[in-house]
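Try each task yourself before reading the solution.

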Amino acid sequence: MSQVLLIEDHQTVRDGLQLALTRQGHTVDAVATGEQGLERLRAASSDVVILDLMLPGMDGFEVCRRIRQLGDLPIIMLTARNDDMDVVAGLEAGADDYVVKPVQPRVLEARIRAVLRRTAGESRRSGGERSGVEQHGALTIDRAALVVSKGGQPVSLAPTELRLLLELSYTPGQVLSRQQLLSAVWEHGYLGDSRLVDACVQRLRAKIEDDSSVPVFIQTVRGFGYRFGPL
């Protein structure tokens, strides 16, 4: 059973999602504002945050950034429309995934389970087929312990960022398309949303590259996707 923190100001939506997720086996703590959500996180632990972007007072983008400052808790954002600017801004603020309103509980449940699997490190790339410590230049990846360090210093990665790095680094030099990464990391089986991949790559580069504008470890292959170096 997972502990879900739901931050949604619309009472009807909040009550409906709380009921649906509770029926699916989650324990749901539901609040109406970002300020209340941050207070709850400081007082008690949660496994995943469901965060509405359009909140009164402190908006969802700022709440997302503050949650990221607190740690690597998975965040799924809710957006009222499939607006490119809102979605990209939310992903860049640190969200792991998003669901467009009106929310279908089954879709949200699937996204929650997927992000929780990433948190638990349940990836064929992370352990079963290959484990141990790998050295890639200054970057060290311990697949068994799910620990990453650079130059001997630990690198704090959100679960989705870690899963993306594990997937890319499993086959250095091989180009992986955005659709391949969506399927492997986010478990989106349909023709998916490349914004998820691009935003996560951007966040990951900021943490592991010396200069994210001249990446060494995660290189863009224009028109195809990404590959892991150094080559």
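**Exercise 1.** Work out which residues S149 is in contact with, leaving aside its neighbours within four places in sequence.

*Solution.* Keep in mind that this is a predicted model. Setting aside those sequence neighbours, we're left with A138, L139, T140, P154 and V155 as the contacts of S149. As for its setting, S149 sits in strand β8, which covers residues 147-150.

**Exercise 2.** Decide whether S149 is buried or exposed.

*Solution.* Start with the cut-off: buried means under 20% relative accessible area. Next, take the value for S149, which is 15%. That falls under the cut-off, so S149 counts as buried. Now zoom out: buried residues account for 49% of the 231 residues in the chain.

**Exercise 3.** Check how the radius of gyration of the chain fits with that of a compact globule.

*Solution.* First, the expectation: with 231 residues, a compact globule would come out near 17 Å. The chain has 18 Å, so the two agree. For the box, the C-alpha atoms fill roughly 55 × 35 × 30 Å along the principal axes. Inside, the secondary structure comes to 8 helices and 12 strands. Then look at contacts between residues at least 6 apart in sequence: 58% of them join residues at least 24 apart.

**Exercise 4.** Describe the surface and charges of the chain.

*Solution.* Then the charges: the chain has 27 positive and 30 negative ones, and their mean positions are 4 Å apart.

Key:
Residues numbered from 1 in each chain as written. Predicted model: local features only at pLDDT ≥ 70, side-chain atom pairs only at ≥ 80, totals over all residues. Heavy atoms only, no water. Helix = DSSP H or I, 4+ residues; strand = E, 2+ residues; numbered from the N terminus. Buried < 20%, exposed > 50% of the residue type's maximum accessible area, 1.4 Å probe, protein only. Contact = heavy atoms within 4.5 Å. Rg over C-alpha atoms; globule rule 2.2 N^0.38 Å. Areas by Shrake-Rupley, 256 points an atom, 1.4 Å probe, with all protein chains shown as cover. Lys, Arg positive; Asp, Glu negative; His and termini not counted. Charge placed at Lys NZ, Arg CZ, Asp CG, Glu CD.
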